[in-house]
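Hello,

Here is the structure I said I would hand over. Please open it and keep it beside you while you read.

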Amino acid sequence: MLTNSEKTGRAIVTDAIATPIVQTSTYTFKNTAELIAFQEGRFTSYEYGRYGNPTTQVAEEKISALERAETTLLLASGMCATTTMMLALVPAGGHIITTTDCYRRTRQFIQTVLPKMGITATVIDPADIDSLEMALEQNNVSLFFSESPTNPYLRCIDIELVSKLCHKKGVLVCIDCTFATPVNQKALALGADIVLHSVTKYIAGHNDVLAGSLSGSNKVIGTVRALHNVLGGVLSPVSRVHYPGLESHPEHHIAKRQMSGYGGVVSFEIAGDLQATSRFIDSLKIPYIAPSLGGCESLVEQPTIISYWDQSSEERARLGIKDNLVRFSCGVEAFDDIQSDILQALEAV
């Protein structure tokens, strides 16, 4: 039974050094006049958890500061950020441009869900500017979307050039900077309209949070926020290394120009087949076999098995996913220890 003393005792503690974790789904108003003032925009408060939360707002403001954005929207996951953003910004019957190398679930959403709304897509190589210009000319494009660096081959988009070309046609540009983080790359400063993060990864950093974020202008993010309020969602055996910090990387010149660091994820191909690559991974002692990245612990995965196992070998080959590909997310362990572990594991190949 709710007593009067309990009701009046629910005070809001302010001026705390540490941001309080506000665990509530609903917010109250003192009287009808205050509620009307809130509805008319004369009083700032919260109404319902799906529309905002004081703790979440603080986190959004911090990400905005990191990205130098006007505003940020936090969502339930990186995929929630991706899907909500696309649904909000691409009209029915619209067209998007994306890149060949990308997170599988993003590709799946673009190929299987968006077509139900008549939304089509052009898929181009991350470095193919000619195909980008052609797609912009031949289609009524609403959105360009790509990771940079991409997953799992760490290809880099020339964000400044792509943004200029897209903006000439009135096309919005969204860059998923999960692998780069705001420390190494400022996509908005390079011309992108939206920067997306799987906050689960480096920004959270401890493998104990599931979240996504979208940062940009008040106008663009406001459009996404409106839909979100409705949806909710609150070395020798290595044959090739994919890392934008290496001169051998196809977009090293772009990464060197627009990134202050190259991130803690490296992908490489083992000189062997699926089984040999599995032996390498199973011989590692430091990293955990897991599908994420950006935490304190090193994580390793074989994309063929962890993300594309339900695809045929022919389909994987078409998508460029090789059976000998390894993605390694470096944690905070000592470099010498990680290096020694990789070297001893290679002996099992």
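Buried means under 20% relative accessible area, exposed means over 50%, and partly exposed lies in between (1.4 Å probe, protein chains only). Helices (H or I, at least four residues) and strands (E, at least two) are DSSP runs, numbered from the N terminus.

Please note that this is a predicted model: local features need pLDDT of at least 70, side-chain atom pairs count only at pLDDT 80 or more, and totals for chains, interfaces and linings use all residues. Residues are numbered from 1 along each chain as its sequence is written, and side-chain values use heavy atoms, with hydrogens and water left out.

Back to β12. Both of its faces are covered. L325, R327 and S329 are buried on one side, V326 and F328 on the other.

Which strands pair with β12? Strand β9 (residues 265-270) does, in the antiparallel sense, over 5 bridges. Two strands count as paired if DSSP finds at least two bridges between them. S267 has R327 in β12 as its bridge partner. Strand β11 (residues 299-301) also runs antiparallel to β12, joined by 3 bridges. There, V300 stands opposite F328.

These strands belong to an open sheet of 5 strands, in the order β8-β9-β12-β11-β10, with mixed pairing. β8 (238-242) and β10 (288-289) are at the edges with a single partner strand each, so one side of each has no neighbour in the sheet. Helix α11 (residues 274-283) packs on this sheet and touches β9, β10, β11 and β12. Contact means heavy atoms within 4.5 Å. The direction of α11 makes about 20° with that of β12. Axes are lines fitted to C-alpha atoms, for helices over the stretch in contact, and angles run from 0 to 180 degrees between N-to-C directions.

I321 lies in the loop between α13 and β12 (325-329). Is I321 buried or exposed? I321 counts as buried, because its relative accessibility is 4%. Leaving aside neighbours within four places in sequence, I321 is in contact with P152, Y153, P303, T304, Y308 and R316.

**The 7-stranded sheet**

Another open sheet has 7 strands, in the order β1-β7-β6-β5-β4-β2-β3, again with mixed pairing. Its edge strands are β1 (71-75) and β3, each pairing on one side only. Neighbouring strands are turned by 20° against each other on average, direction ignored. β2 and β3 run parallel and are joined by 5 bridges. H95 stands opposite T120 in β3.

Now look at α5. R104, T106, R107, F109 and I110 are buried in this helix. Their cover includes α4 (78-89), β2 (95-99), β3, β4 (141-147) and α13 (313-319).

M117 is in the loop between α5 (104-113) and β3 (120-124). M117 counts as partly exposed, because its relative accessibility is 34%. L87, M117, V230 and L231 form a nonpolar patch on the surface, with about 340 Å² of accessible area together. Patches are made of residues with over 30% relative accessible area and no salt bridge; like charges are joined within 9 Å, nonpolar side chains (Val, Leu, Ile, Met, Phe, Trp, Tyr) within 5 Å.

I221 is in helix α9 (residues 218-231). I221 is buried, with a relative accessible area of 1%. The C-alpha atoms of I221 and E70 are 9.1 Å apart, yet 151 residues separate the two along the chain.

How many salt bridges does the structure hold? There are 12. A salt bridge is a side-chain nitrogen of Lys or Arg within 4 Å of a carboxyl oxygen of Asp or Glu. Here are some of them:

- R225 and E60: the closest N and O atoms are 4.0 Å apart. R225 lies in helix α9 and E60 in helix α3 (residues 54-67), so the pair ties together parts 165 residues apart in sequence.
- D158 and R257: the closest N and O atoms are 2.9 Å apart. D158 is buried at 13%, while R257 is partly exposed at 49%.
- E315 and R318: the closest N and O atoms are 2.8 Å apart. They are 3 residues apart in helix α13, so about one helical turn separates them.
- D125, R155 and E251: these are linked in a network of salt bridges.

Best wishes

Key:
Accessible areas come from the Shrake-Rupley method with a 1.4 Å probe; for residues, only the protein chains shown count as cover.
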